[in-house]
Amino acid sequence: MKPLIFSLLKKCTKKIVLSSKMKLRHNITERTIFYGSVWIEDRTIVAVGTDEELFKQFQPRIAEAETVDATGKTVTPGLVDPHTHLVYAGSRENEFAMRLNGATYMEIMNAGGGIHATTKTTREATDEELFTASKKRLDQFLLHGVTTVEAKSGYGLTLEHELKQLIVAKKLHETHPVDVVRTFMGAHAVPTEFKDNPDEFVRIVVEKMIPKVSELALAEFNDVFCERGVFTPEQAKVILEAGKAYGLTPKIHADEIEPYGGAELAAEVGAISADHLLCASDEGIQKMAEKGVIAVLLPGTAFFLMTKAANGRKMIDAGVPVALSTDCNPGSSPTVSLPFIMNLGCLHMGMTPEEVITAATINAAHAIRRGHEIGSIEVGKKADITIFNVPNYMQLIYHYGMNHTDTVIKNGRIVVAKGQLCY
């Protein structure tokens with residue numbers, strides 16, 4: 001593979017280089033390089049600096065390198081989405097009209113819609129159908145500048161169908177340019193067949209599902225929906241501790257609908273992240289800060305459900321590292337546009353443009369235990385790069401609802417060029 005260098009001796013190019021140790025309280029303007037270049041070899045970032053510096057360093061080899069012209073554009077780390085429900089079948093647009101007429105998320109779910117509706121269509125889908133539908137979504141993530149996603153199961157709710165989702169996610173990881181990090185979420189909802197005996201379903205998750213997922217090495221994280229009417233904090237703790245015993249790192253859907261102790265539980269069990277957090281208590285936020293739990297915030301979900309978003313400003317000021325995600329799913333956040341989520345982070349959660357870029361790159365990488373290899377443009381890291389067709393990062397955030405992705409480089413290979421897939 002030829003070396004790859006971009007923005008060499010071109011003008012008006014800005015590159016944002018985020019340190020792997022950043023936790024949102026740093027200012028990325030201090031890490032922005034004007035007239036910058038990056039030298040890539042063997043899928044790895046070899047050098048980062050100004051055009052002049054890299055020209056001097058690599059002058060004898062420039063003629064042999066493939067060059068990407070980023071003149072007038074903004075170069076960032078490849079975006080990272082740390083919370084998606086990528087693998088599913090079906091759609092739930094009928095619920096949109098129900099919500100517009102006043103039905104709540106939990107009312108729809110308790111009436112057999114929501115997660116239960118998607119569980120039905122996902123169980124009925126063949127492996128091939130599930131793979132094809134999910135690949136289309138993954139292509140769209142890539143076209144929006146995302147180079148790594150986390151993907152949860154949770155629309156099977158039986159051992160057979162949870163494994164089916166995770167196997168499809170694994171196949172996508174193996175065959176698609178985007179890296180797919182897998183999370184087991186058998187405890188996404190209590191199946192209708194166990195609605196009168198949820199503790200029995202918890203037992204099945206703990207004694208049947210988690211051991212098999214671990215045996216087959218299909219996931220590295222274990223998630224649970226801790227919410228009134230779904231899983232109690234006590235049940236969630238049992239599930240998360242069981243996952244830890246099998247080597248699965250805890251994550252948690254926490255305090256989305258009401259304060260329910262989810263943030264506190266995340267700190268107690270040593271979760272790598274607590275997600276949603278619209279209604280997290282001040283005590284829970286402080287405990288997360290003390291334990292270093294990353295808050296993965298999902299403003300698209302609040303936007304689509306027409307509720308108030310999580311208070312990102314409060315969490316950052318309290319010392320909690322914040323990441324952003326689409327929460328891509330068929331019911332409460334049917335989007336793949338992480339750049340739009342970054343817009344919402346500023347408009348609805350009190351975050352600055354610098355903070356939302358950090359939240360969608362290095363902090364998101366840390367939320368899926370990838371901060372050592374992706375999420376920043378640093379020597380030695382994987383060459384995951386996104387080039388946006390805007391002259392500065394402020395315009396990336398300012399122009400909301402637009403896809404400015406021009407070029408995506410994944411593992412040192414160009415996979416999107418001029419806004420089109422080319423892998």
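This report covers helix packing, salt bridges and a surface patch in a predicted model.

## Basis

The model is predicted: local features need pLDDT of at least 70, side-chain atom pairs count only at pLDDT 80 or more, and totals for chains, interfaces and linings use all residues. Residues are numbered from 1 along each chain as its sequence is written, and side-chain values use heavy atoms, with hydrogens and water left out.

## Helices α7 and α8

Helices here are DSSP runs (H or I, at least four residues), and strands are E runs of at least two, numbered from the N terminus. Helix α7 spans residues 198–215. Its axis and that of α8 come within 10 Å and cross at roughly 5°. Axes are lines fitted to C-alpha atoms, for helices over the stretch in contact; angles run from 0 to 180 degrees between N-to-C directions. The two helices are therefore roughly parallel (angles under 35 degrees).

Contact means heavy atoms within 4.5 Å. On the α7 side, P198, D199, V202, V205, V206 and I210 take part. They meet Q235, V238, I239, A242 and G243 in α8.

## Helices α8 and α9

Helix α8 (residues 233–245) also packs with helix α9 (residues 262–269). The angle is about 25°, with the axes 11 Å apart. This pair is therefore roughly parallel. The crossing of α8 past α9 is right-handed, meaning that the near helix is turned clockwise from the far one by less than a right angle.

From α8 come P233, A236, K237, L240, E241 and K244. Their partners in α9 are L265, E268 and V269.

## Helices α9 and α10

Helix α10 covers residues 282–291. The axes of α9 and α10 come within 7 Å and cross at roughly 20°. That makes α9 roughly parallel to α10. Here the crossing is left-handed, with the near helix turned anticlockwise.

In α9, A263, E264 and A267 make the contacts. They meet E283, G284, I285, K287, M288 and K291 in α10.

## Salt bridges

The whole structure holds 27 salt bridges (a side-chain nitrogen of Lys or Arg within 4 Å of a carboxyl oxygen of Asp or Glu). One pairs K382 with D179, at 2.6 Å from N to O. This pair links distant parts of the chain, 203 residues apart. K382 sits in the loop between α15 (362–367) and β16 (385–388), whereas D179 belongs to strand β10 (residues 179–187).

## Surface patch

F96, L100 and M306 form a nonpolar surface patch. Together they have about 300 Å² of accessible area (Shrake-Rupley method, 1.4 Å probe, only the protein chains shown as cover). Patch residues have over 30% relative accessible area and no salt bridge; like charges are joined within 9 Å, nonpolar side chains (Val, Leu, Ile, Met, Phe, Trp, Tyr) within 5 Å. L100 lies in helix α2 (residues 93–100).

Terms used:
Angles under 35 degrees count as roughly parallel, over 145 as roughly antiparallel, 65 to 115 as roughly perpendicular and the rest as oblique.
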